[in-house]
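Dear colleague,

Please find below the structure that I am handing over to you, followed by an account of what was found in it.

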Amino acid sequence: MQTISENACFGGIQGVYSHTSAACGCDMTFGLFLPEEARDGDVPVLWYLSGLTCTHENAMTKAGAQAWAAEHGIALVFPDTSPRGDDVADDEAYDLGKGAGFYVNATEEPWAPHFQMWDYVAEELPKLIDRNFAIDMERQGITGHSMGGHGALALAMNLPGRFASVSAFAPITNPTASDWGRKQLAAYLGKDEAAWTRHDASLLMADKGFDGPVLIDQGADDQFLDLLKPEALATAIATKRQEATFRMQPGYDHSYFFVSTFMEDHVAFHADALYSK
């Protein structure tokens with residue numbers, strides 16, 4: 001692992017690090033905020049998964065999460081959204097290939113050699129962070145925006161016991177029934193739609209639910225509402241009688257202005273769950 005940068009931030013350290021990923025077969029970069037309390041021992045951690053076209057840097061610089069994480073003594077991890085490199089497959093469209101890993105393990109060519117983002121986020125990166133930083137891996141929460149919200153919800157429901165809490169900002173909630181999903185899942189996982197279901201938050205919620213609290217914020221003026229399908233997840237939550245708060249926020253769109261507005265609420269939500277463990 002190499003240190004790209006470390007900057008003082010709200011009494012803690014905002015770092016950016018790179019490492020060779022066995023899962024993705026390329027070098028990967030991630031951001032990690034450590035609060036001041038990490039100097040004295042392990043701290044709980046909140047994972048933030050970013051959306052389409054993003055890198056590790058977008059949320060790290062735009063979401064305003066560090067101020068609230070510092071207040072609660074929580075670390076933040078900002079993984080990248082896909083593998084990178086000259087030999088990594090890509091597509092001309094912004095919603096497939098680099099920047100659009102969808103947090104799945106691709107089985108189809110030309111994606112399979114590098115697009116193993118599920119294994120990277122669920123297994124490889126947590127182990128790397130556990131070995132190198134003062135993080136309490138028994139206390140983890142996860143959140144994300146858009147494609148990252150899709151990833152956060154899918155990881156949380158497929159890995160019972162891993163995360164104490166899950167939240168999302170404008171998540172892609174029903175990718176098996178959306179153009180933000182069917183295109184990518186078919187490309188990465190093939191035409192057998194049975195393989196897609198473990199990556200659909202609405203289907204997972206109806207089937208498994210989550211063994212903890214859930215918080216969802218969705219902008220009512222989001223320009224991508226038809227692709228996100230928030231009503232599918234809301235219906236699944238109600239049907240499952242899941243412990244959850246689902247908020248439609250009038251006037252807000254899909255941007256990081258929306259995310260940063262409600263970030264304080266999300267960090268506090270996760271802090272309550274993490275410190276009650």
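Leaving out neighbours within four places in sequence, Val45 is in contact (heavy atoms within 4.5 Å) with Ile74, Ala75, Val77, Ile135, Arg139, Gln140, Gly141 and Leu274. Val45 belongs to strand S4, residues 43–49; helices (H or I, at least four residues) and strands (E, at least two) are DSSP runs numbered from the N terminus. With a relative accessible area of 1%, Val45 is buried, where buried means under 20% relative accessible area, exposed over 50% and partly exposed in between, with a 1.4 Å probe and protein chains only. Val45 and Ile74 are 29 residues apart in sequence, yet their C-alpha atoms are 5.5 Å apart in space.

Please note that this is a predicted model, in which local features need pLDDT of at least 70 and side-chain atom pairs count only at pLDDT 80 or more, while totals for chains, interfaces and linings use all residues. Residues are numbered from 1 along each chain as its sequence is written, and side-chain values use heavy atoms, with hydrogens and water left out.

As to the overall architecture, the protein has nine helices and nine strands. Its radius of gyration, taken over C-alpha atoms, is 17 Å, close to the 19 Å that the globule rule (2.2 Å times the number of residues to the power 0.38) gives for 277 residues, so the protein is as compact as a globular protein of that length. The C-alpha trace spans about 50 × 45 × 35 Å along its principal axes. Of the 277 residues, 60% are buried. Among contacts with a separation of 6 or more, 73% are between residues 24 or more positions apart.

Helix H8 covers residues 230–240, and its buried residues are Pro230, Ala232, Leu233, Ala236 and Ile237. Seen down the axis of H8, these residues fall within an arc of 160° (taken from the directions from the helix axis to the C-beta atoms), so they line one face of the helix. The face turned away from that buried side carries the exposed residues Ala238 and Thr239. Elements covering the buried residues of H8 include helix H4 (147–158), helix H6 (201–207), strand S8 (214–219), helix H7 (225–228) and strand S9 (244–249). Just after H8, Arg241 takes a positive phi of about 55°.

Two buried loop residues touch each other. Ser146 sits in the loop between strand S6 (135–144) and H4, and is buried at a relative accessible area of 3%. Beyond four places in sequence, Ser146 touches Gly51, Phe169, Ala170, Pro171, Ile172, Trp180, Leu228 and His254. Although Ser146 is not a glycine, it has a positive phi of about 60°. Pro171, in the loop between strand S7 (165–169) and helix H5 (179–189), is buried with a relative accessible area of 1%. Besides Ser146, the residues that Pro171 touches include His150, Leu153, Ile216 and Leu228.

The loop between strand S5 (75–78) and helix H3 (117–132) holds Pro110, and the peptide bond from Glu109 to Pro110 is cis, with omega near 0°. Tyr103 is found in the loop between S5 and H3; it is not a glycine, but has a positive phi of about 55°. At 2% relative accessibility, Tyr103 counts as buried. For context, most residues other than glycine have a negative phi, and most peptide bonds are trans.

With kind regards
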